[in-house]
Amino acid sequence: MDVDRAHQCIRELCRHVLLVEDSILIALDAEVLVTDLGAERVSIAASVLEALRSLENAPPTLAILDVKLEGETCFPIADKLQEKQIPYAFATGYSDKATFPDRHKLAPCMTKPYNEQALRRVIEELIGGADQCGIQRLQQTG
Amino acid sequence: MPSLQEIAHTVTGLMTVSGAVSLVAFVILRRNFDISLRLSLSLLAAGLIAIGAFQFSLALKVGGNARDFISILTIVAAAVATIASVFLARTAFNSHLISALHHRVEAHRRTLQRLRRSRIELEHRVNDRARELREYEKRLRIALRDSKITVFMQDPALRYVWVRNAPEGFSATDLIGKTDDEVLPPAAARAATTAKMKVIETGQDSTTELYLEPSSPGQRARYFEVTTEPYYGETGEFQGLLSVSVETTDNRHREELLKETLLEVSHRTKNQLSVLMSIARRLGATKADTAKFLPAFEARLRALSISQDVLVENDWASPHLERLVRAQLEPYLSSVTRRKSAIVFSGPDVFITPTAVQNLGLVFHELALNAFEIGVMRSPGGQIDISWDFHDEPACDSDSGHQRLEIRWKEIGASTPANGKLKSSFGQNMAHQIAHSALGGDLEIVPSNDGFQARLKIGSAAISFS
């Protein structure tokens, strides 16, 4: 994959990013990071309910999920994204994937705090696992 | 043919000898002295009489018929003495037999008495032992009561034969006669049996942790620490296994809770680090100069730290709005401005949810920083009036409440050129974004020639109504 094509793939995948994060400051920071990677639209959701509503209203091309939200986990959102075949990656404070449900263990994951390199790495991982430029992701059913 | 005299000599001699032998026998065998004494004395007497008569006949020098007569008399006397002594001996023997019988009866009676005494003593000892055993049993029961400890014995086929203080959910009577396979869930039974077989093989004590998966959903998993040792009888033969089991479920759950808490702490720490990184990155974008960046970063760090302190002193429950705002202003107050009248609060009691505390704290920190850097608090007479009340607002979507809190920040006492912006562009952006995205409201900075004025509206999600 040549450099231009890689950039195009990343831009394509980041066109509309859904950031699920219960801390606004972290979300705003992530917003800057994904915008730098070429995101045209960024949606921010702080809870499972908000995120599900957002992805029903305007399905994103990529979702970054904070695993632990206020009093809940993001896995119901991940289930919905898997169902809709929308690529997603986790951001977590825990560096332990053992607590993840089996069906989400294969999804890329970055530990908090994360920077642009970490974000770029998970996006590349998603592209690597897709048939074509971030259009269809490999099913990761456990 | 011996003469009568010779016979008399022989008889009397024999009698004297037998008398002497009997005396010797009497001396040596002192025991049966009744018979021997009487026999020997009578024989001796008869012998002496015969010898006396015989000697007397010799002294009188009688001859012929008289001597024969004396000899016959001697023989008769010896015969009479012998018969008398036999009779005496018989009587003595009989009396000896009676007394021997009497002695034996007496001995038997004594033996019987001894036996009876032994039996009573034995009964007492058995009773004492039984009482002692009951006492031990009672003490064991008291020691185990309300404890998580179970003591049990299994035979060599690993069947329960004795159980004290069965764990909750098990009963001793149900366990007796059964094996682990019949009373435990399969995985636990396998683990228990394996461990016990090893004890039988090696003869060494061993401690195993047993995990009992929940038998139905909603029940919690149980943990037991079982120490098993081989049990030998008094003659050293293997009789089975003796085990002490301690239920450690509560400890394990506490451990798990602690682990979860540590994970939660780790999560929060990572989140805080992410927040700091976000602030550093965004602040860094507006302040390229390290000398300017550091104090600005430090101020925000302190604002986060203050919000944390407010939460901690409130035991992570919702703090009062005034407490939070006052805490954020505190680092900037001098002894003069700390005068009560410099900052005036008015409004109903409002409590902020723990989640919103950090965000709201940052917004008020930006307002406070602005007031002390370019606002009214630069001059000694400056005053800030902070007031709030609730407003009913039509809900724009289903999850934002009908009530909103409006907080007004009004600086009085100095005219500040108001351009509707905070001095710090970072603070300006962050405060607006927080108010909009995290607090479900907005921040409005009102241009005014009288002094800086701001209006912050926040949604009901940030307010604790309980």
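In the predicted model, strand β3 (residues 62-66) of chain A pairs with strand β6 (residues 88-92) of chain A in the parallel sense, over four bridges. Within this pairing, Leu65(A) has Phe90(A) in β6(A) as its bridge partner. Both strands belong to an open sheet of five strands in chain A, with the order β2-β1-β3-β6-β7 and parallel pairing. The edges of the sheet are taken by β2 (41-45) and β7 of chain A; each has a single partner strand, so one side of each is left without a neighbour in the sheet. On average, neighbouring strands of this sheet are turned by 20 degrees against each other, direction ignored. Helix α5(A) lies across β3, β6 and β7 of chain A and runs at about 170 degrees to β7(A). Strands of a sheet pair through backbone hydrogen bonds, and the pairing may be parallel or antiparallel.

The loop that links β7 (109-111) to α5 (116-128) of chain A contains Pro113(A). The peptide bond leading from Lys112(A) to Pro113(A) is cis, and its omega is near -10 degrees. A residue of chain B also has a backbone value to note. Leu158(B) has a phi near 60 degrees, which is positive although the residue is not glycine. Leu158(B) is placed in the loop between β1 (149-154) and β2 (160-164) of chain B. Most residues other than glycine have a negative phi, and most peptide bonds are trans.

Chain B contains an open sheet of five strands as well, in the order β6-β8-β9-β11-β10, and its pairing is mixed. At the edges stand β6 (343-346) and β10 (442-446) of chain B; each has a single partner strand, so one side of each is left without a neighbour in the sheet. From one strand to the next, the twist averages 15 degrees. The pairing of β6(B) with strand β8 (residues 383-392) of chain B is parallel and covers four bridges. Phe345(B) has Ile386(B) in β8(B) as its bridge partner. Helix α11 (residues 425-438) of chain B lies across β10 and β11 (453-458) of chain B, and its direction is at about 135 degrees to β10(B).

The two chains meet in an interface. The size of an interface is often given as the accessible area lost when the parts come together. Between chain A and chain B the buried area is about 2000 Å², and carbon and sulfur atoms give 59% of this area. Of the area that chain A buries against chain B, 29% is supplied by Ile24(A), Leu25(A) and Pro113(A), more than by any other three residues. In the contact, 20 residues come from chain A and 25 residues from chain B.

Polar and charged pairs also occur across the interface. Five residue pairs are in polar contact between chain A and chain B. On the side of chain A that touches chain B, helix α2 (residues 24-36) of chain A gives the most, with six residues. By class, that side of chain A has eight nonpolar, four polar and eight charged residues.

Side chains of opposite charge can pair when their charged atoms come close. Over all chains, the whole structure has 30 salt bridges, and two salt bridges are found across the interface of chain A and chain B. Asp29(A) forms a salt bridge with Arg281(B), where the closest N and O atoms are 2.5 Å apart. Lys68(A) forms a salt bridge with Glu264(B), with the closest N and O atoms 2.6 Å apart. This pair crosses between chains, from strand β4 (residues 68-69) of chain A, which holds Lys68(A), to helix α7 (residues 249-286) of chain B, which holds Glu264(B).

Terms used: Residues numbered from 1 in each chain as written. Chains lettered and ligands numbered in written order. Predicted model: local features only at pLDDT ≥ 70, side-chain atom pairs only at ≥ 80, totals over all residues. Heavy atoms only, no water. Contact = heavy atoms within 4.5 Å. Buried area = accessible area lost by both parts, 1.4 Å probe. Salt bridge = Lys/Arg side-chain N within 4 Å of Asp/Glu carboxyl O. Polar contact = N/O pair within 3.5 Å; in protein donor to acceptor, adjacent residues only side chain to side chain. Helix = DSSP H or I, 4+ residues; strand = E, 2+ residues; numbered from the N terminus. Nonpolar A, V, L, I, M, F, W, Y, C, P; charged D, E, K, R; others polar. Pairing = 2+ DSSP bridges. Axes fitted to C-alpha atoms, helices over the stretch in contact; angles between N-to-C directions.
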